[in-house]
Structure formats: structure tokens, C-alpha cells
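I opened this model to look up its overall build and a handful of local spots. My notes follow the order in which I checked them.

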Amino acid sequence: MSDRLVLVAVPVAALGLLTYRVPAALPSPPAGARVVVPLGPRRMTGVVLGEGSALDPAIELRDLIQVLDDEAFVPPDVVQLTAWVADYYLAGPGAALSAALPPHGLSARVDAFKTVRVATVTAQGLDVLDRAMGPRCVGDEDRDMPRLGARQREALQLLAGRPDGIPAPDLSDRGVPSSALLRLRTLGLVTLRTERVDRDPFVDERHASSAASEAQPVRALTGEQEAAFEALAPLADARTFHTALVHGVTGSGKTELYLRLAERVRAQGRGVLVLVPEIALTPQVAALFRARFGSHVAIQHSGLSDGERHDQWHRIRRGEVDVVVGTRSAVFAPLARPGLIVVDEEHDTSYKQEDTPRYNGRDVAVMRGKFAGSLVVLGSATPSMESYANARAGRYTLVTLERRILDRPMASVRVVNMREEMAESTPDVVLSRPLVEALGLRLQAGEQSVILLNRRGFATAMFCRQCGHTLECPNCSVSLTVHTRGRHSHDDRRGWRARCHYCNYLRGVPTACPQCAAPYMEHVGFGTERVEADVRAHFPAARVARVDRDTVRRRGSLVDVLARFARRDLDVLVGTQMIAKGHDFPNVTLVGVISADVGLGLADFRAAERTFQLLTQVAGRAGRGEIAGEALVQTLFPAHYSIRLACTQDYRAFFDKETAFRHAMRYPPHIAMVNIVVRGRSFEQAMDDAGELVERVRAAGTKGFVILGPAPAPLTKLRGEHRAQFFLKGTSRASMRESLRAALAAAPAIARRTAVDIDPVSML
Ligand code: ADP
Ligand code: ZN
């Protein structure tokens, strides 16, 4: 009889798939089952990915030690998915598997769960209670009657009414300490059992949205929603893989559409997976699903504690929930039979994981749909170039929602040319006169405003007017950003700090130049802190808050600010792209965009796409209620097509123009791209190593692609390491992967300092 062999992945990033023999004494584990394997001198728990085949008879294979599951622990389509991720992103099975596992990974230990002790009264306990409470005469004490303290008697009384028992913490809340319970147990009057409790992230969740917290009556779909539903429902019913792109303007009611589809799929006994970009920034979608499906929903996102995530993962795996709402890693949720997979705001860059495995949650979602035979719905007001191109090419079904709910008008968008404004006002003007005027009108009317600037801090750099020296990060090749911590006076810089936005290096701001000692340090550029200060200076009575990564470090603070804004305790919200996302604040009638062109200066071929998306999304925050909204866009480049077309909210015109640019420059989605960054102790070493990899890729074959570079990476130094990069560009991803894999395998030392990014979303 030939050996039974299995391929096993262990959650160790650097390891490939391992082959083991199943000894005669053990059953054959199915794909997805956990097994204990020997690994060097250690034992590890891994997951079976499939049957193995003996490659080299000279290699002595080792035996599995134990088979932990007789059925899949990780569902088969997720097993397939991790194998795909490992291969497609050149990530390795160990890293891909880690992404798909809950915290505490494969451990089957119960103590990974939170447990609670539950007390139940015994028959003897009831008897004793009876006698203790009954009429008795002095001196009539029973010999075998245990003496009960007041606490103990009270515990028995409470327990007598609760045959299922009462958790110990609840008893202690009511004045019964655990010592009393233990004594009662010793007397045989109560029993204590250990129960697992699922940590529920909703218990202390306070949502910004008032609309979402209470269950809403089911309302009639609008004509457009109805038509979209009619197009999508048969695709869901078909139980085969299909992808649809829902292009719906902001406020067109996409969420309601997802909810209806989810209801239908659930009613058919299948699961629903909903991916959202960042739950803290877009709490509405998760809350609406929670309101509609109650305890059948599990929520997964990085803001949860390990324990909460662990419990949610196991609830899903046990089949206790059939709707999962989560951020990108939820794409691996162990949901059985997903019939519908929704990717909301599919264009959002937070779907891209920037650590190994560098996967894009949206693309992995489409693959999961393929393996599970489900309908995948991608939704956005500003679809990614990739998805819209797929729809145009007929690979995805395109469903369009052109109008806002109740035919509310889109915000009217006005462009303020800052070149003119600077000429007529002052060169360092931050809030233009039209914007100040518009803000004043909103404040008078008791309406709310949102002001966006996608750059943190007070000033972008500090330099010496005499010698030109700029304060730079010693670890990264960037200038330090100035933070004033609320003290904006130029004469009082004691509170000022200069911070690196990449490595968090922090220093005080010197009054004299560290290089030439001249007392002429000046700051240039501005960020959200400066905008906040200027709004306060113009409108001292206004209630202003700022939302950016500096203000939301503390868990829950973002939710607090958004809740205050929703309650109308705030008049103006200043912030970065964090405030541009899916919030629905009906009283916001003005959106101001400062420096709409911030992103256009970046050396990234997606700069125009990002600018268009951000402007369209933020303009979509205005006028979602009864009152029409207005957006004011300040820019130095009013003629740039990404700004012009965002102002007219013309997605299709933007797509056509951008497609022409990508074709001409040979950029995705027209072709595929891979970015390879090599780190080194010195810049020379990084460049040399990158050069060696390039040669090895070339030697392995460049059929169907070209190599660009090596060259210094845009951030040549980051966190103390020097960086060089090169690109592969072409039509054959498979051929790029194959050559790159060969090159990395031939230079393992360099490979350890190399980051491979397939389909990169950021060029920086
Ligand atoms: P989108 O996600 O497309 O930007 P939303 O799903 O946030 O749009 O919907 C916009 C608003 O319209 C929300 O306040 C939502 O509650 C409301 N809405 C959605 N569908 C309907 C409907 N059929 N009837 C009435 N209001 C609706
Ligand atoms: Zn730094």
C-alpha cells in the first residue's frame, strides 16, 4: 500500500507547504482539518491543505503526530482561498494562513475563550433553604442543618428562582461574594459549572449614527433600487459565481440594496459576507446590518480586542451567525456557504494590506466568490479604474443608481481658484473669502459644516530663512511636520513639536537654526491644525472639532466626536480623509475642501483617481438631509480634469479621460504591475541588492513583461533603512510571478530584505 501523504501549512510566515505521512494508526484528515506535526525539534499545529505527493524518494518524510479534527476546521473554500493568496501575492502559505486564522491561531485551548462560572442550586440546597425559611421554634435546630450566613441564605434564595443558574459575577453584583458560593458548594448546596461566554463587541458600542441604532421599519425601495434589485436577485439565486458592480452616486441607497439581497440569500439558508473599509469611519453599514439581522450578525474588525475577535471567529465557525460584517481580513471568515459577498466602497485603499501578505481584500473577495460559487457585489460612488474597466469589458454586470434617494439634489460644487485668492488676499491664506462667508451663513442658520484637508499637523516643514536648513527626520527622508498643540502664536513656540509622520520621531522646535544658529526659523505649508485654528479665529463662538490621526489615537475618541457631531453639539468638523467616508449627517449643508490638489503632487500614477474619489466622496457628505448642500473646493489647479470632473460629478467622463492616460502611459488596469522594494543598511547596498535581483529576474525570463529600475524608492530612507525599488510591468502576471519567484529563491539573503507588492495601490 502506498503512503498516505498530506500537504500541511503552519502559520509561520517564512515557511512553505510541508509534506507529511499519515501513519496507519491515524485517520486521513480532510482539507481544512488541524493536525499536529513535528517541525525540527518542535511540535506545531497546522492545517491540511490537501493531499501530498512524494517528490523526492530520497527525502525521509515524517509522520503526523495527531489529527485534531475529523471535519474541516477552516472551511474548504477558505483553504482554497489562502492557497490562492499564497500563490498570487507570492506570500507563502504560512503568511496567508495566518491572515485567515483567529487570534490565538490554531490553539484548541478553551482558555482562549472567556469563561464564567455559573451557580445552580442543588436539591439539597432547596431543601435546606425550605427549612431555613420555614417556621421554627427556638431550640428546634436540626442537627444536620448546616448553618447559613445571611449572604449564603440570600444566594440560595436568588438561585431558587433560577433553575438555569446565575453567573457568579451577577451574584457578586448583588452582594454575594465568591467565597460564599465556594462555601455553599463545599456544603453540597450549589454546583458551579464553567461556561464559555462570547465577548460581544456591541455591548459597549456607542454609534455615531442615531438612525442606525434602532431597528427601522422596512421601507419601499425606490424605482432605481427596485430595478437594481431585480437585476441582482436572479444572480444571487443562480448559486454560481458572478460579480456585479453597483455604481451608485452618494446617497443613492446602496446599503438598503445590500440589506435586501442579504435577506433573500439568508432566507435561502446561505451566508452573507459584507466587507467595509474601516468600521470606525463607517459605522452605519455595520449598525444597519445589526439592526436588521440582530444576533445573527458577527462583526470583525481590527478595533476589537483579540478576545472579541477570537470569539466572533468561533461563533461564525460554529454556524451561530450567518451574516458577517467586517474589514478586509473578514474576507477569510469561516462562514459556511456564503451566497452573497458585498464589498462596500470597493475603491477604498484600506482594502489593501500593506504588510505580508500584501493582499487586496476586494480582489480576494472576488476569488472567494469564485471558490464558493457566490454572487459578489462591489459597490461604490466612485468605482476603482480596475472594477469599472471589468464592468465595461463585460466581466462584471454593471448596475447603476443615478439619483439620490427622494431625488435630493447632489451638492452644488463651486471652485475657488486659490491663485486669484492669494493675489487679492494674502499669499498664506488658508480659508478663502467665499469659504469664510459660506461658513458664517451656516453658523447663522444653525446648520453644520465639514472642512477637509488631507494633511495633518500645523505646518508641513520648518526651515531656516538664513541658511535654508530644514528640520528633517534622522530616520526617514522626509521633513518633520510641526504640531502646535493648540498654541498658535508664533512668539510662543514652547508647546510646538516637530514629528515624523512615518516613524513618529519627535523633537522640540528650536528657536535658532541647528545649523547656522540664526534666529530665523520659519514654518511653511499647513495642515488640519492650522485650519482648525483659522476657523476658531474667524468664528470664536463656533463649536469646532478636529478629526485626524492625531486626535483619534485613543480608542473611542473618534466615535465620541462623530456622536457629538451627529447630536449637533458641534458646528464645524475639520479633518483629513477620515471625515470624507460614508458618514450620513443630514444637517451638513456645507463642505469645504482646502487644497483639493494635495494629492496631485505625488509621484503616483493613481494621483488623479484618488483626488477624484476623495472630492466626489466628500462633496457627497453635503445635503443628505432636507436642505440642499453646497461644496466649496479650493485649489491651485482648477483646470485639472480630476478636480473639474469631480465638481461636475461626472464619473464616466473621468473614467474615459483617465483610461486614455493609463493606456498612453501603460499603467494598470491596462497592464499589470509589481513593485519590489529592497531594504539595505546603506543606500549602495540596497541599490546593489536590487540590481542583483533584477539580473536574476532577467535571467529567469521576461516573456510578457518589462523591468523598470532599479532606482531609489520615493522614500529613500524609512525608519533607518535605505530603500531601492524596481517594477515589473506587463500583461502576464503569471510570468512575472514565476521569474520573480525564481529570483528570490536564488538569493534568499536578499529575499529576506525584499517586499514584493503585486498590484500595488500606493507607489510611495
Ligand atoms: P449610499 O450608501 O448609496 O451613499 P445610503 O445607503 O447611505 O446611500 O442611503 C442614503 C439615505 O437614504 C440614507 O439615509 C438611507 O436611510 C435612505 N434610504 C435608503 N433607501 C431608502 C428608501 N427606499 N426610502 C427612503 N429612504 C431610503
Ligand atoms: Zn521618520
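The entries below go from the whole chain to single residues.

**Ground rules**

I am working with a predicted model, in which local features need pLDDT of at least 70, side-chain atom pairs count only at pLDDT 80 or more, and totals for chains, interfaces and linings use all residues. Residues are numbered from 1 along each chain as its sequence is written, chains are lettered from A and ligands numbered from 1 in the order in which they are written, and side-chain values use heavy atoms, with hydrogens and water left out.

**Entry 1: the whole chain**

I looked up the secondary structure first. The protein chain has 23 helices and 30 strands. Helices (H or I, at least four residues) and strands (E, at least two) are DSSP runs, numbered from the N terminus. The radius of gyration is 30 Å, close to the 27 Å from the globule rule for 764 residues, so the chain is as compact as a globular protein of that length. That radius is taken over C-alpha atoms, and the rule is 2.2 Å times the number of residues to the power 0.38. The C-alpha trace spans about 100 × 75 × 65 Å along its principal axes.

Next I checked burial. Of the 764 residues, 53% count as buried. Buried means under 20% relative accessible area, exposed over 50%, and partly exposed in between (1.4 Å probe, protein chains only). I also looked at contacts, meaning heavy atoms within 4.5 Å. Among those between residues at least 6 apart in sequence, 76% join residues at least 24 apart.

How many of the 11 residues of H16 are buried? Eight are, so this helix (residues 528–538) is largely enclosed by the rest of the structure. I listed the buried ones: Thr528, Glu529, Arg530, Val531, Glu532, Ala533, Asp534 and Val535. They pack against helix H15 (433–445) and strands E17 (448–452), E19 (481–483), E23 (544–547) and E24 (572–575).

I followed two of those strands. E23 and E24 pair in the parallel sense over four bridges. Two strands pair if DSSP finds at least two bridges between them. Arginine 546 has valine 574 in E24 as its bridge partner. Val544 and Arg546 point one way from E23, Ala545 and Val547 point the other way, and all are buried. In a regular strand, side chains alternate between the two faces of the sheet.

Threonine 576 counts as buried because its relative accessibility is 7%. Not counting residues up to four places away in sequence, threonine 576 touches Leu452, Leu453, Asn454, Arg455, Arg456, Thr528, Val547 and Asp548.

Then I went back to H15, where leucine 435 lies. Buried or exposed, at 0% relative accessibility? Leucine 435 counts as buried. Leaving aside neighbours within four places in sequence, leucine 435 is in contact with Leu590, Gly592, Ile594, Leu632 and Gln634. I also took one distance: leucine 435 and threonine 481 are 46 residues apart in sequence and 26 Å apart in space, C-alpha to C-alpha.

**Entry 2: helix H2**

What covers the buried residues of H2? The cover includes strand E1 (5–9), strand E4 (42–51), helix H1 (76–88) and helix H11 (306–317). Seven of the eight residues of H2 (residues 93–100) are buried. They are Pro93, Gly94, Ala95, Ala96, Leu97, Ala99 and Ala100.

I looked for cis peptide bonds. One runs from threonine 356 to proline 357, with omega near -10 degrees. Proline 357 lies in the loop between strand E13 (338–344) and helix H12 (361–372). Another runs from glycine 709 to proline 710, with omega near 10 degrees. Proline 710 lies in strand E28 (residues 705–718).

I then looked for positive phi in residues other than glycine. Leucine 90 has phi near 55 degrees. Leucine 90 is found in the loop between H1 and H2, and is buried with a relative accessible area of 18%. Glutamine 649 has phi near 50 degrees. Glutamine 649 sits in the loop between helix H19 (641–647) and helix H20 (651–665). With a relative accessible area of 23%, glutamine 649 is partly exposed.
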